[in-house]
Amino acid sequence: MNMRTGEPVEETAPPDLEGLLAAQRRAVLAANPPDLAARRQSLDALAGLVRTHREAMIAAVSADFGNRARQETELGELLPLMNGIRHVRRHLKSWMRPERRRPGLAFRPASARVEYQPLGVVGILSPWNYPLFLTLGPLVDALAAGNRVMIKPSELAPRTAELLERLLAGLFAPDQVAVVRGGAGVAQAFSRLAFDHLIFTGSTGVGRAVMQAAAPNLTPVTLELGGKSPVLLLPGQDPDRAARTIAMGKFFNAGQTCVAPDYVLVPRAQMAGFAAAMLRCAERMYPAITGNPDYTSIITGRHYARLVSLVEGAVAAGAGVRRHADPGDAGRRLFPPTLLIDPPADSAVMGEEIFGPILPLVPYDRVEDAVRFVNERPKPLALYCYGRDERQVAEVLDRTRSGGVTVNATMLHVGQEDLPFGGVGESGMGAYHGREGFRQLSHARAVLRMGRFNASHMVAAPYGRLVRLVTRLFIGGGS
Ligand code: NAD
């Protein structure tokens, strides 16, 4: 890191990526895959690490942001991580168990089953916004599936990356788990490695580059990307009640959350009441912005400047604006909660993922117009629908697509370990967490064992009466 500007710089001695991968691959081939006890031991060690170094982790993340509310690191990173470890630990035995399947009638006697085998070496490329959960979460699933792992955390959270490198090196041999640090150059080289699977969490644009880099090796990718996650407020909702959970999702981590509500579709007649409720709610949650330990800073000056220009652009294009009474502090990158009312659809704030505490409120006349608005845009990572009429909610869910959904709240589906987490279309591909994570990072290998008295070897050339009999029986028709 450049100590004067605080900006990250490229490491001078790039890590030996190929060497680390080769060592991990040798270790994969040298021994049987880890059994249940060994996998549980790795997970327990990771849980112990979090418990022992909880304060150091909270401090590192906060230093990287300038200020990150400690409760946000606890609630948004460490708690879901520990819940995830507990859930995986509890279910791993049943997930690892081979599944019996039925061999086809024509192939019996035989037995068929699916065996979940480790893929080998998994790469993890992670972002800065939840630098613990989005690095260690995929690691949990990768270890549960019996893999070896290489990790490249984000250079924009350098203290957290350094801490993770040091702590994980104390826990795992480099041929089991290795952390490498570096900027975009190292990240690009990392994404070109011939992993058995690569999990990338980050922006949609970089996700495209990662998939291209993985293609020559045919490395399968899980892409956990971003996008604009809408909230659809159905007519007649209590504005104060809805505003509370929308504000929680939007202002947590100052909006720097992949599943944060990006904008709200509001019935036109309710717009004024809902905007007032949102602002009231923001001011109640954060009576002050400056000097408030609960309010998180924007990660860098560049990200802060981008948010300023999104608001300026929308206002210049005719959007109404309502700001928190405390204007924040540009020097400390404290950006106040800001509502934009009816920004034009072609303004930048309605085109890019916001990733900050700016909330556009978009009026609609009929529910079908709101649904069309969502469907005319790339498929989002999350969709939030507020409504008490089950039928109306079900119709919105049926007619839209998104990675996940929370009804009558925001973001909470991500914390459900028994649900897959992932995007669809431009918000990503593949999913992890819980059983889906285990399956994503295992190879479901088909194993057919022929019975001793199996006669399939007789269905061979020179083809005679037996083959005719078999084909007549199983295909039908013919001579
Ligand atoms: P980013 O795409 O800029 O960077 C993510 C990682 O990719 C970093 O480790 C970075 O070093 C690396 N990287 C950068 N350029 C690369 C390249 N050309 N090739 C390979 N790797 C490269 O994302 P970010 O700014 O760190 O995070 C914010 C974005 O991530 C937002 O779009 C957000 O929605 C998304 N996100 C998604 C999820 C999810 O689970 N779906 C979670 C958090 C963040």
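Start by colouring the two domains separately: 24 residues of domain 1 are in contact with 26 residues of domain 2, contact meaning heavy atoms within 4.5 Å. This is a predicted model, in which local features need pLDDT of at least 70 and side-chain atom pairs count only at pLDDT 80 or more, while totals for chains, interfaces and linings use all residues. Residues are numbered from 1 along each chain as its sequence is written, and side-chain values use heavy atoms, with hydrogens and water left out.

**The two domains**

For the selections, take 16-225 + 430-442 as domain 1 and 230-420 as domain 2; these bounds come from an automatic or database domain assignment. Their centres, taken over C-alpha atoms, are 30 Å apart. About 2000 Å² is buried between domain 1 and domain 2, with carbon and sulfur atoms giving 54% of that area. Buried area here is the accessible area (1.4 Å probe) that two parts lose on being put together, summed over both.

**Strand E6**

Select residues 197-201, strand E6. Helices (H or I, at least four residues) and strands (E, at least two) are DSSP runs, numbered from the N terminus. 5 of the 5 residues of E6 are buried, so the strand is largely enclosed by the rest of the structure. Buried means under 20% relative accessible area, with a 1.4 Å probe and protein chains only. In a regular strand the side chains alternate between the two faces of the sheet. Here His197, Ile199 and Thr201 lie on one side, Leu198 and Phe200 on the other.

Strand E3 (residues 121-125) runs parallel to E6 and is joined to it by 4 bridges; Val122 has His197 as its bridge partner. Strand E7 (residues 221-224) is also parallel to E6, again with 4 bridges, and Leu198 stands opposite Val221.

**From E6 to E7 and on**

Select helix H8 (residues 204-214), which makes a right-handed β-α-β unit with E6 and E7. Right-handed means that, with the strands pointing away from the viewer, the path from the first strand over the helix to the second runs clockwise.

In E7, Val221 and Leu223 are buried on one side, and Thr222 and Glu224 on the other. Finish at strand E15 (residues 428-429), which pairs with E7 in the antiparallel sense over 2 bridges; Gly428 is the bridge partner of Glu224.

Terms used. Buried < 20%, exposed > 50% of the residue type's maximum accessible area, 1.4 Å probe, protein only. Pairing = 2+ DSSP bridges.
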